[in-house]
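Subject: Structure handover and notes

Hello,

Here is the structure you will be taking over. Please look through it before reading the notes below.

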Amino acid sequence: MNDMILTLDDVSIVRSYNTVVRNASINIPENSIIGILGPNGAGKSSLVQAILNLIEYSGTIKYKGKNLKKLSTDKITELGISFVSSNNNIFYGFSIRENLKFAQMLARKRGKEHFSIEEILSLFPILEQRIDQSGSTLSVGEKQNVAIGMCLLSSPDLIILDEISSGLSPIAANMVFDSLKKINEKGVSIVLAEQDVNNVVRTVDSLYILSKGEISYQGTNLEAQRDFSNLISEYFGM
Amino acid sequence: METLSTLFQQVLNGLSIGSTYALIAIGYVMLFGVLRIVQLSHSEIFLAGAFFAVIISSLLKGNIFLVLPVVAILTGLLGLLVYFIIRPLGSISDPNSQEHLNVLVVTIGISTVIINVILKYFGGFPQKFPQLLEYSVVDFNFFQIPISSIVCIFSAFVFMLFFRWFISSTKTGLKIQATTENPVLAQSMGINVEFITKLSFFIASATAGIAAVFIGIILNYVHPFMGAILGFKGLIAMIAGGVTSFSGAVIFSLFLGITESLASGYISSSYSDSVGFGLLIIVLILKPSGLFNKGKE
């Protein structure tokens, strides 16, 4: 069995007097792709923000055995966790090239470099054609590609993607999920907080469903595919 | 020829005052970026800079090359003090939070304290600004301009070019630019936003100090209530320029300075302060996000 890269143990989150996540425990093995599925308001984004210590939480979150609770967000990313949100995820004042170079510049020398700018451009060829275009003029899909590229340039061991399929056309979403497999092959673990059931089930190694702040389903990729119809009803609460 | 001479004269006057507005506006842009609120005591930090210059000029024998950096450091430290006062008031990242309002009100309080301290020690009257530059006039035949104005315009432009280089070409400058545009993304990319915020307070306040020295040289006097009106000009330039755009703030500051000067020369000096707000209203009606706003999703 793989070592765990990230463990969430009994995590609860209260926001504005409402419990948005209750006693969630999630284990993420190294070099795996894990999906956290859930509808809007299920608590996925809160969970992701808690991992980065952007919000208060109770319980324990450990990265490679190290408790993250006392660490600031910049220290957490320095450890090798990188994050992409669904919106405002690139700098609009910078061009694509500047965004990628800036991310590369910020990358801490942690002894390994998974990706170069050239590799990012070959992963997302559309970006090369618009390399000097300002971030504010890109489509949603192009912004997501740049954001994932920036995230990868920071040489992370774990990337967390929060609703990256949001606002993407089905074709663009498929392309993004296809690229995640290639990224994972380079030894990068991936956490997907998502709503896109089909793409998540075909991409992940194992899956959690978050419903009304609680983990309501947990299974491997094979189990998830076998349980697909049950899973849909679990997911949509029908 | 006389008409042209007056026009040139007014444009140069406008450029000299506009370049100092630009230095104040740069600070506002930087502070708004990292705080997400208008740091309302910034105008009084500028005011304090003018009075720091009055106090230390005699100690430094009126040497502008010493006065300028010392005033910049003193106002920079004062800015940091403001940061340390407002920091414990809580999270300021959520514009709708109570903490956000607390910070806004406290910065108004800090402004009042700075004005009161100046009133206590200098009284409510204008103070003569020390002569940091020899008075002489450059005669271009059809118009004349004081050498101090040329030095101020030139120095302000050199500073703005340096600032532009710093902000767009150095690692720290790019981090400031990124934090100014999107602090949450900057933080999630590993930037120490807390440190960048402190640094931004220092740089923005030091820049206000430099602007204060230039204003003192141009006007030849300072007074305890000049912070608000000149601070407003910087604020107007920041908002009309697009709030988070350094270039937008600088360009609009120069435009504002020239327009004010032309209004003053050709209509009446009584209207010069109204011009800025008039222009701001027009810009906001035509383009509510400001002229050079980079926009978000």
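This is a predicted model: local features need pLDDT of at least 70, side-chain atom pairs count only at pLDDT 80 or more; totals for chains, interfaces and linings use all residues.

Chain A

The secondary structure of chain A consists of 10 helices and 10 strands. Along the principal axes, its C-alpha atoms fill a box of roughly 45 × 40 × 40 Å. The radius of gyration of chain A is 17 Å, which agrees with the value near 18 Å that a compact globule of 238 residues would have. Of those 238 residues, 46% are buried. Among the contacts in chain A with a separation of 6 or more, 69% are between residues 24 or more positions apart.

Val48(A) sits in helix α1 of chain A, which covers residues 44–51. Val48(A) counts as buried because 22 other C-beta atoms lie within 10 Å, where the cut-off is 20 or more. Leaving aside residues up to four places away in sequence, Val48(A) touches Ile160(A), Asp162(A) and Ala193(A). For Val48(A) and Ala193(A), the separation is 145 residues in sequence and 7.7 Å in space, C-alpha to C-alpha.

Contact between the chains

On the chain B side, 17 residues are in contact with 18 residues of chain A. Two helices of chain B, α6 (171–181) and α7 (183–188), each supply at least two residues of the side that touches chain A. The largest share of that side, 5 residues, comes from α6(B). By residue class, the side of chain B that touches chain A has 5 nonpolar, 7 polar and 5 charged residues.

As for α6(B) itself, the helix is mostly covered, with 8 of its 11 residues buried. The buried residues of α6(B) are Leu174(B), Lys175(B), Ile176(B), Gln177(B), Ala178(B), Thr179(B), Thr180(B) and Glu181(B).

Helix packing in chain B

Two packed helices are described by the angle between their axes and the distance between the axes. Two pairs are listed here, and α2(B) belongs to both.

In the pair of α2(B) (residues 42–59) and α3(B) (residues 64–86), the axes are 9 Å apart and the angle is about 140°. The two helices are therefore oblique to each other, and their crossing is right-handed. From α2(B), the residues Ile45(B), Ala48(B), Gly49(B), Phe52(B), Ala53(B), Ile56(B) and Ser57(B) meet Val67(B), Val70(B), Val71(B), Leu74(B), Thr75(B), Leu78(B) and Gly79(B) of α3(B). This contact has 10 nonpolar residues, 4 polar and no charged.

The other pair is α2(B) with α8(B) (residues 193–219), whose axes come within 8 Å and cross at roughly 55°. That angle makes α2(B) oblique to α8(B). The crossing of α2(B) with α8(B) is right-handed. On the α2(B) side, the contact is made by His42(B), Ile45(B), Phe46(B), Gly49(B), Ala50(B), Phe52(B) and Ala53(B). Their partners in α8(B) are Ala204(B), Ser205(B), Ala208(B), Gly209(B), Ala211(B), Ala212(B), Val213(B), Ile215(B) and Gly216(B). The residues of the contact of α2(B) with α8(B) divide into 11 nonpolar, 5 polar and no charged.

Regards

Definitions and conventions: Residues are numbered from 1 along each chain as its sequence is written. Chains are lettered from A and ligands numbered from 1 in the order in which they are written. Two residues are in contact if their C-beta atoms, placed from the backbone, lie within 7 Å. Helices (H or I, at least four residues) and strands (E, at least two) are DSSP runs, numbered from the N terminus. Ala, Val, Leu, Ile, Met, Phe, Trp, Tyr, Cys and Pro count as nonpolar, Asp, Glu, Lys and Arg as charged, and the others, Gly among them, as polar. The radius of gyration is taken over C-alpha atoms; the globule rule is 2.2 Å times the number of residues to the power 0.38. A residue is buried if 20 or more other C-beta atoms lie within 10 Å of its own, exposed if 12 or fewer, and partly exposed in between; C-beta atoms are placed from the backbone. Axes are lines fitted to C-alpha atoms, for helices over the stretch in contact, and angles run from 0 to 180 degrees between N-to-C directions. Angles under 35 degrees count as roughly parallel, over 145 as roughly antiparallel, 65 to 115 as roughly perpendicular and the rest as oblique. A crossing is left-handed if the near helix is turned anticlockwise from the far one by less than a right angle, and right-handed if clockwise.
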